[in-house]
Amino acid sequence: MTAELIDGKKISQEIRKGLEKEVAELTAKGMKPGLAVILVGDNPASRTYVTSKQKSCRAIGMESVLIEYPADVSEKELLDKITELNADDSIHGILVQLPIPPHISETKVIETISPEKDVDGFHPINIGKMMTGQDTFLPCTPFGVMEMLKYIGINPEGKHAVIIGRSNIVGKPMGQLLLNENATVTYCHSRTSDLQSFTKQADILVAAVGRAKMVKAEHIKQGAVIIDVGMNKDEHGKLCGDVDFEDVKDKAAYLTPVPGGVGPMTITMLLYNTVKSAQNRLNDRNGN
Ligand SMILES: Nc1nc2c(c(=O)[nH]1)N[C@@H](CN(C=O)c1ccc(C(=O)N[C@@H](CCC(=O)O)C(=O)O)cc1)CN2
């Protein structure tokens, strides 16, 4: 048996079609959704991602502003800009592309963004709401994974989900979203002993470690759903995930490709969150 591919581009297109309609309706009501993206420094991968975010916004009729700073910008200048954007009524979503240079506190940056405009879903208030199952902006990559599971008809309830990775933006929220849907969740990480003994139990395995092709057939259970969040270069400089696609494809039931899997969903859920923010603002304006 060969695994069925979970096509992130196709799922994204369908979600974006629906969002385009909502954007048109919001625009007609004087609430055109606007996203501000802040890029610090000139990391080529970050530039690719922010360019893609801008293009995706414009393709569905949203406004998108890119604010660029050199790598040596002061923390104060960056935080002042965020404060200014918090007060700008034409902006419904604000994000600072990560990673940022080490002289700037990521925590301060995230906490300066108003929770109402935190379309990345990284602010502790929004993380707390997610953890307690309240309606909020969900972190885009794990949110995208949940949408992919829904699309292929996989209900996490009662399944054993194993997450490899414990980053604040992917691993930790991924486990929480699966738990919210009644999965039994195990987190594995760099200090986990005998990784394979856990991953082999997974009905749903999410790899988010940043190590090229580390998940092999021997790590997975026959018929598992394998979600690859990795974005690495292989020995030939070619983009690849954390999962060895060729090795696992005849053992998994479902598999996300890299590229074309989780990546496009991350941007789609950012659009979703920004449209939701504009809708929230309209509801506030109308006293709903
Ligand atoms: N503020 C944020 N910073 C970062 C986030 C984030 O969600 N918010 N996530 C990642 C980067 N990222 C979005 O910002 C991102 C990464 C990859 C993709 C993507 O579509 N990848 C393509 C391949 C692209 C290529 O060819 O290089 C794919 O998988 O098909 C989108 C968004 C870290 N920073």
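Helices here are DSSP runs of H or I of at least four residues, strands are E runs of at least two, and both are numbered from the N terminus. Residues are numbered from 1 along each chain as its sequence is written. This is a predicted model, so local features need pLDDT of at least 70 and side-chain atom pairs count only at pLDDT 80 or more, while totals for chains, interfaces and linings use all residues.

Is H123 buried or exposed? H123 counts as buried because it has 20 C-beta neighbours inside 10 Å. The cut-offs are these: buried means 20 or more other C-beta atoms within 10 Å of a residue's own, exposed means 12 or fewer, and partly exposed lies in between, with C-beta atoms placed from the backbone. The C-alpha atoms of H123 and E111 are separated by 5.7 Å, although the two residues are 12 apart along the chain. Apart from neighbours within four places in sequence, H123 is in contact with I110, E111, I113, P115 and D118. Contact means that the C-beta atoms, placed from the backbone, lie within 7 Å.

Now the overall layout. The domain assignment gives domain 1 (31–114) and domain 2 (140–262); such bounds come from an automatic or database assignment. The C-alpha centres of the two domains lie 28 Å apart. From the record, UniProt places the feature "domain: Tetrahydrofolate dehydrogenase/cyclohydrolase NAD(P)-binding" (unreviewed entry) at residues 139–280. UniProt positions are given in the numbering used here, feature names are shortened, and annotations may be inferred rather than shown by experiment. The span 139–280 is 35% helix and 17% strand, and its end C-alpha atoms lie 18 Å apart.

Next, the sheet. Six strands form an open sheet with parallel pairing, in the order β1-β11-β8-β7-β5-β6. Its edge strands are β1 (4–5) and β6, each pairing on one side only. Two strands pair if DSSP finds at least two bridges between them.

Strand β7 (residues 204–207) is covered on both faces: I204 and V206 on one side, L205 and A207 on the other, are all buried. In a regular strand the side chains alternate between the two faces of the sheet. β7 pairs in the parallel sense with strand β5 (residues 160–164) over four bridges, and there I164 stands opposite A207. Four bridges also join β7 to strand β8 (residues 225–228), again parallel. On that side A207 stands opposite D228, and V206 has I227 as its bridge partner.

Which residues of helix α7 (residues 171–180) are buried? They are G171, P173, M174, G175, L177 and L178. Their cover includes α5 (124–131), α6, β5, β6 (184–188) and β7. Just after α7, N182 takes a positive phi of about 70°.

Last, the ligand. It is surrounded by 20 residues, the closest being Y49, L98, P259, G263 and T266; near means a C-beta atom, placed from the backbone, within 6 Å. Elements giving two or more residues to this shell are α2 (44–59), β4 (93–96), α6 (140–151) and α10 (262–285). The largest share, four residues, comes from α10. Each of domain 1 and domain 2 supplies at least three residues to the shell.

By type, the shell divides into 12 nonpolar, seven polar and one charged. Nonpolar covers Ala, Val, Leu, Ile, Met, Phe, Trp, Tyr, Cys and Pro; charged covers Asp, Glu, Lys and Arg; the others, Gly among them, count as polar.

Terms used
Contact = placed C-beta atoms within 7 Å.
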